[in-house]
Amino acid sequence: NSFKLLREARIGYYGEPEKFIESMMNGNKDSTSLIEDCPEQPLASIEDCQNQNMPVKILLSGGKNVYKMVANVVKSAESVNVVSFEEEVTQNLQNVAHWCKEAAKIIASPIDVFIDKMKLEDLVELINSGENLLSQESKLESKKDQFDDEDLIVDLNKSWKTLASDDITRLKQLRLRREEFKEWCKKVKDLLDDKEKKIQLDDLKKLAEESKIYPPNADTVKQLQKDAKNAIDYADEAGKLIASGKAIHFEHAKDIVNQGTNLNITCPELKTLRNAIRITRGWANRVKKCGLHESSAQINQIKELVKEYDTFLVCLPDEVSNLKQAMCSYCICRRPYEGFMIGCDECDDWYHGHCIGV
């Protein structure tokens with residue numbers, strides 16, 4: 001009954017063996033206290049709970065009680081002192097109880113397998129020893145006719161083998177997930193370490209989503225999630241700035257682009273800003289060549305440059321201000337530079353020929 005109840009407790013707390021990884025790695029269980037809070041001496045047995053009118057479901061309700069029940073199984077097995085075939089059965093029962101206890105430790109703290117190489121070795125060894133126990137029991141079953149109550153041997157073997165098979169399934173799932181994690185870490189490391197190639201934001205998001213099934217305190221997971229968060233936050237802020245409809249100062253836009261470059265990513269928002277900077281820079285070069293500073297710019301050129309500027313995402317306020325000033329600050333008429341103009345050596349201003357009678 002202890003093995004049967006223990007199996008029920010395992011399923012009640014961890015779920016069916018086939019769903020163990022999803023249940024534990026999604027953060028639905030706080031397993032760290034299963035071992036740490038368990039006393040060295042077993043607490044009340046199932047029978048004691050029943051004698052005190054305590055519902056068995058209370059004992060089966062948490063992970064701590066799962067481990068306590070394992071301890072009770074060990075204690076019960078050690079209390080048997082017989083010889084011959086019965087002694088062989090009892091010794092096997094003690095081995096099974098000890099194996100269940102060790103399996104409980106790993107199942108209670110699956111994250112340790114991902115961050116501690118020694119724990120991984122323990123996991124592999126435990127799977128092998130569990131499968132050995134199952135194979136050895138077949139030999140004992142062949143001797144069941146030596147026991148007075150053959151049905152008892154069959155029931156006993158069935159109860160612990162079912163429990164052990166469940167736990168071996170859980171342990172194998174954990175080993176498989178650990179192998180997947182190793183490959184995933186290599187993929188992430190290769191991506192993050194390649195500074196010559198920019199990381200697509202979508203690829204980073206995908207890896208961040210994949211990381212949710214792995215231990216959050218693993219170094220690779222922490223680094224990936226940190227980089228992904230920084231990149232996503234960057235793209236969000238840049239996207240809001242672009243969507244605001246307000247022009248971005250040239251220097252500010254360059255700072256934002258530099259931030260994206262330092263993150264070693266590429267995303268639509270970053271591309272938009274880079275393109276906007278390129279357009280504004282080209283416009284500024286044409287302003288320099290239009291003859292504004294030499295006071296030789298034509299009004300049509302100035303108007304075209306100002307009109308073009310009004311569509312820009314990235315702005316140069318000083319440059320456009322100079323252009324607009326040039327459109328209305330010449331001659332005694334204070335009109336734009338246009339047609340035949342004469343410069344005054346006294347005031348350095350320019351005058352329309354027809355305004356001064358020339």
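Author: Contact means that heavy atoms lie within 4.5 Å of each other. This is a predicted model, in which local features need pLDDT of at least 70 and side-chain atom pairs count only at pLDDT 80 or more, while totals for chains, interfaces and linings use all residues. Residues are numbered from 1 along each chain as its sequence is written, and side-chain values use heavy atoms, with hydrogens and water left out.

Reader: Is Ser 211 buried or exposed?

Author: Ser 211 sits in the loop that joins helix H11 (201-210) to H12, where helices are DSSP runs of H or I with at least four residues, numbered from the N terminus. Its relative accessible area is 0%, and buried means under 20%, exposed over 50% and partly exposed in between (1.4 Å probe, protein chains only). Ser 211 is therefore buried.

Reader: Which residues is Ser 211 in contact with, leaving aside its neighbours within four places in sequence?

Author: Ser 211 belongs to the loop between H11 and H12. Once neighbours within four places in sequence are left aside, its contacts are Trp 184, Val 221, Leu 224 and Gln 225.

Reader: Which residues of H14 make the contact with H12?

Author: The axes of H12 (residues 219-243) and H14 (residues 268-289) come within 8 Å and cross at roughly 50 degrees, the axes being lines fitted to C-alpha atoms over the stretch in contact, with angles from 0 to 180 degrees between N-to-C directions. On the H12 side, the contact is made by Tyr 234, Ala 235, Ala 238, Gly 239 and Ile 242. On the H14 side, it is made by Glu 269, Leu 270, Thr 272 and Leu 273.

Reader: How many disulfides does the structure hold?

Author: A disulfide is a pair of cysteine sulfur atoms within 2.5 Å. Cys 344, at 26% relative accessibility, is partly exposed, and Cys 355, at 27%, is also partly exposed. The number of disulfides in the structure is zero.

Note on methods. Helices (H or I, at least four residues) and strands (E, at least two) are DSSP runs, numbered from the N terminus.
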